[in-house]
Amino acid sequence: MSQVRLNGQLVCTDADQAATVLRYLPEHVALTRAEAGCLSFEVHRSDDPHVWHVDELFRDATAFRAHQERVAASEWGRATAGIERHYTVEGNA
């Protein structure tokens, strides 16, 4: 199986959404990096305080899907569900 890469942006509409990202992001990053199939997971705030750059790399589609399922059921997933995402996914996700 081929690796799966997600790349893009998390875009907040206001300071409240940005504060939510700042609050929940450290745990989200730690949990994701601890996943067995995670090869790389980087989230960096851009020059715009409401925009984060996201770059994820997973071993294969199975690992990527497991990550997506975990995230959907997590505090991060619930807290940031309304925040806009502009992602592209490469590989057989």
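The legends below describe close-up views of a predicted model.

View 1. Four strands make up an open sheet, arranged in the order β2-β3-β1-β4, with antiparallel pairing. Strands β2 (38-45) and β4 (84-90) stand at the edges with a single partner strand each, so one side of each is left without a neighbour in the sheet. On average, and with direction ignored, neighbouring strands of this sheet are turned by 10° against each other.

**View 2. The pairing of β1 with β4 and with β3.** Strand β1, which covers residues 4-11, is joined to β4 by 7 bridges, and the two run antiparallel. In this pairing Gly-8 stands opposite Tyr-87 of β4. Strand β1 is also joined to β3, again in antiparallel fashion, and here 8 bridges link the two; Asn-7 stands opposite Asp-55 of β3.

**View 3. The hairpin of β2 and β3.** These two strands form a hairpin in which 5 residues lie between them, and 7 bridges join the antiparallel pair. Among the facing residues, Cys-38 has Phe-58 of β3 as its bridge partner, while Arg-45 stands opposite Trp-52, also in β3. Strand β3 is mostly covered, with 6 of its 8 residues buried.

**View 4. Helices α1 and α2 against the sheet.** Helix α1, formed by residues 15-33, lies across β1, β2 and β3 (51-58), and its direction runs at about 160° to that of β2. Helix α2, formed by residues 61-72, also packs on the sheet, where it touches β1, β2, β3 and β4 and makes an angle of about 135° with the direction of β3.

**View 5. The start, length and kink of helix α1.** At the start of α1, a side-chain oxygen of Asp-14 comes to within 3.2 Å of the backbone nitrogen of Asp-16. The helix has 19 residues and spans 27 Å from its first C-alpha to its last, which is close to the 27 Å expected at 1.5 Å a residue. Along its course there is a kink of about 45° at Tyr-24, shortly before the proline Pro-26.

**View 6. The buried residues of helix α1.** The buried residues of this helix are Gln-17, Ala-18, Val-21, Tyr-24, Leu-25, His-28, Val-29 and Thr-32. An α-helix has 3.6 residues a turn, so residues three or four places apart point the same way. The buried residues of α1 pack against strands β1, β2 and β3 as well as against helices α2 and α3 (75-79).

**View 7. The surroundings of His-67.** His-67 is placed in helix α2, and its relative accessibility is 2%, so this histidine counts as buried, the cut-off being under 20%. When neighbours within four places in sequence are left aside, His-67 is in contact with His-28, Thr-32, Glu-35, Phe-41, Glu-56 and Phe-58.

Methods: Residues are numbered from 1 along each chain as its sequence is written. This is a predicted model: local features need pLDDT of at least 70, side-chain atom pairs count only at pLDDT 80 or more; totals for chains, interfaces and linings use all residues. Side-chain values use heavy atoms; hydrogens and water are left out. Two strands pair if DSSP finds at least two bridges between them. Axes are lines fitted to C-alpha atoms, for helices over the stretch in contact, and angles run from 0 to 180 degrees between N-to-C directions. Contact means heavy atoms within 4.5 Å. The expected span of a helix is 1.5 Å times one less than its number of residues. The bend at a residue is the angle between axes fitted to the seven residues ending there and the seven starting there. Buried means under 20% relative accessible area, exposed over 50%, partly exposed in between (1.4 Å probe, protein chains only). A polar contact is a pair of N or O atoms within 3.5 Å; within protein, one must be able to donate a hydrogen and the other to accept it, and residues adjacent in sequence count only if both atoms are side-chain atoms.
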